[in-house]
Amino acid sequence: MIETLYQTLDAGFSSTLGAAWGPPAFAAAWALAKILCVLIPLILFVLYFQLIERWVIGWMQVRKGPNRVTFFGIKWLGGVAQPVADALKLLMKEQIIPTGASKWLFLVAPALSVAPAMAVWAVIPFMPGWVIANADAGLLVVLAMTSMGVYGVIVAGWASNSKYAFLGAMRSAAQVVSYEIAMGFALVGGLMAAQTMNLSEMVMRQDSNWGAVGWFWIPLFPLFIIHFIAGVAETNRHPFDVAEGESEIVAGPLVEYSGMTWSLFFLAEYANMLLVATISTIMFMGGWLSPFPKSVPILGEPCILWMLGKMMVLMLMFVWIRASFPRYRYDQIMRLGWKIFIPITIVWIIVVGVMMLDPVRNWLPFSLWFGK
């Protein structure tokens, strides 16, 4: 129903505004409208997920989260205006640039972090046709854009002209590069199963009459788990946040930043967290497909709400992990990435290849996933 409404509106705007403005102007305006429809909810989600995170961690630690700042003094909205207050505080805070810093690179670094984190959403489908750019090599675009975020961290640490910031940048860069390999291998397994790099087609390859049983999370379960954990490490989230070293009591490569330049790094972090949850949902959990069999009325129908629900569950896993585990040592993090995750992903890629061979792919249960 939602998909039909979207297609109707698309066709209506194309016929009316397209004739009035001309094809080039309409194409540019329609593309801008689709970009805003993705970008604005994404920024609002990042803004308010921080509030949800603080509430959930407070509940898990038997204490209260933000519960004071309200809109117009309405008491039952306790804490809801906290993200707005935080944003206003950061906007009014003085932007301090260290005397010895490389000023141009110091200001460019936050943009290098946040721009790829936002641009990658152009190829993310939310429903059939609900995508800004339905690229055939969508997965390749995701890998290319996400790998650029590390440059922002390195430039921030180097341009600050601080030994602590540079040390944190090197730690973070080494960690991101290490876990990017394991994450890439995990995605290779999903690519083999789907036999396409188009993200929309990956979801449709998991479409079956059996609901969640037909999704790739079952045959690719080790890759699914490794992809998610590597995503936690990629985004420098606890317990992998060694860039913020306890012995130095500093915030890693961000130690010299303040105000809005500081907040841009966290905007990129939360946007990348959501991206990890989204890619896991699309490649392993059926995207917008329902977990119920198609024979179930209403609940068996595909819908964007299913995709948003799966993404939120995975985002809450980020919070759960943060509230539950102690921070790893740096050598433990490197050992986990190089000596455990990478070998497991390589072995499971071989297993997936065997499961996809004839006549194995036609045997039960492999035919549920690879016999299409």
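This is a predicted model: local features need pLDDT of at least 70, side-chain atom pairs count only at pLDDT 80 or more; totals for chains, interfaces and linings use all residues.

Visitor: Let us start with helices. How does one describe a packed pair?

Guide: Two packed helices are described by the distance between their axes and the angle between them.

Visitor: Then how do the axes of α6 and α7 cross?

Guide: Helix α6 covers residues 149-159 and helix α7 covers residues 163-194; their axes come within 7 Å and cross at roughly 160°. An angle over 145 degrees counts as roughly antiparallel, and α6 and α7 are therefore roughly antiparallel to each other. Their crossing is left-handed.

Visitor: Which residues make that contact?

Guide: From α6 there are Val150, Val153, Ile154, Gly157 and Trp158. From α7 there are Ala165, Phe166, Ala169, Met170, Ser172, Ala173 and Val176. Sorted by class, the contact of α6 with α7 has ten nonpolar residues, two polar ones and no charged ones.

Visitor: And α7 with α9, what are the distance and angle there?

Guide: The axes of α7 and α9 come within 9 Å, and the crossing angle is roughly 155°. That makes α7 roughly antiparallel to α9. The crossing of α7 and α9 is left-handed.

Visitor: Who takes part on each side?

Guide: On the α7 side, the contact includes Gln175, Val176, Tyr179, Glu180 and Ala182, along with Met183, Ala186, Leu187 and Gly189. On the α9 side, the residues are Leu223, Ile226, His227, Ala230, Gly231, Ala233 and Glu234. This contact of α7 with α9 divides into ten nonpolar, four polar and two charged residues.

Visitor: What about α9 and α11, are they parallel or oblique?

Guide: The axes of α9 (residues 221-234) and α11 come within 11 Å and cross at roughly 60°. The helices α9 and α11 are therefore oblique to each other. Their crossing is right-handed.

Visitor: Which residues meet there?

Guide: Phe224, Phe228, Gly231 and Val232 in α9 meet Leu314, Met317, Phe318 and Ile321 in α11. By class, that contact has seven nonpolar residues, one polar residue and no charged residues.

Visitor: How do the lining residues divide by class?

Guide: The lining of the second largest pocket has 18 nonpolar residues, no polar residues and one charged residue.

Visitor: How many cavities of 30 Å³ or more are there?

Guide: The count comes to one cavity of 30 Å³ or more. The largest cavity holds about 80 Å³ of space.

Visitor: What lines the largest cavity?

Guide: Its lining consists of Gln206, Asp207, Ser208, Gly211, Trp215, Leu289, Ser290, Phe292, Lys294, Gly300, Glu301 and Pro302. By class, these are four nonpolar, five polar and three charged residues.

Visitor: Where are the cis peptide bonds here?

Guide: Proline 239 sits in the loop between α9 and α10 (259-284). The peptide bond from aspartate 358 to proline 359 is also cis, with omega near 0°. Proline 359 lies in the loop between α12 (330-355) and α13 (367-370).

Visitor: And what is the phi of asparagine 236?

Guide: Phi of asparagine 236 is near 55°, a positive value in a residue other than glycine. Asparagine 236 is in the loop between α9 and α10, where proline 239 is also found.

Notes
Residues are numbered from 1 along each chain as its sequence is written. Side-chain values use heavy atoms; hydrogens and water are left out. Ala, Val, Leu, Ile, Met, Phe, Trp, Tyr, Cys and Pro count as nonpolar, Asp, Glu, Lys and Arg as charged, and the others, Gly among them, as polar. Axes are lines fitted to C-alpha atoms, for helices over the stretch in contact, and angles run from 0 to 180 degrees between N-to-C directions. Helices (H or I, at least four residues) and strands (E, at least two) are DSSP runs, numbered from the N terminus. Angles under 35 degrees count as roughly parallel, over 145 as roughly antiparallel, 65 to 115 as roughly perpendicular and the rest as oblique. A crossing is left-handed if the near helix is turned anticlockwise from the far one by less than a right angle, and right-handed if clockwise. Contact means heavy atoms within 4.5 Å. On a 1 Å grid over the protein atoms alone, a cavity is a set of points where a 1.4 Å probe fits but cannot get out, and a pocket is an open set with protein on both sides within 12 Å along at least five of seven lines; lining residues have an atom within 4 Å of a point. Grid points are joined across faces, edges and corners, and a volume is the space filled by probe spheres set on the points.
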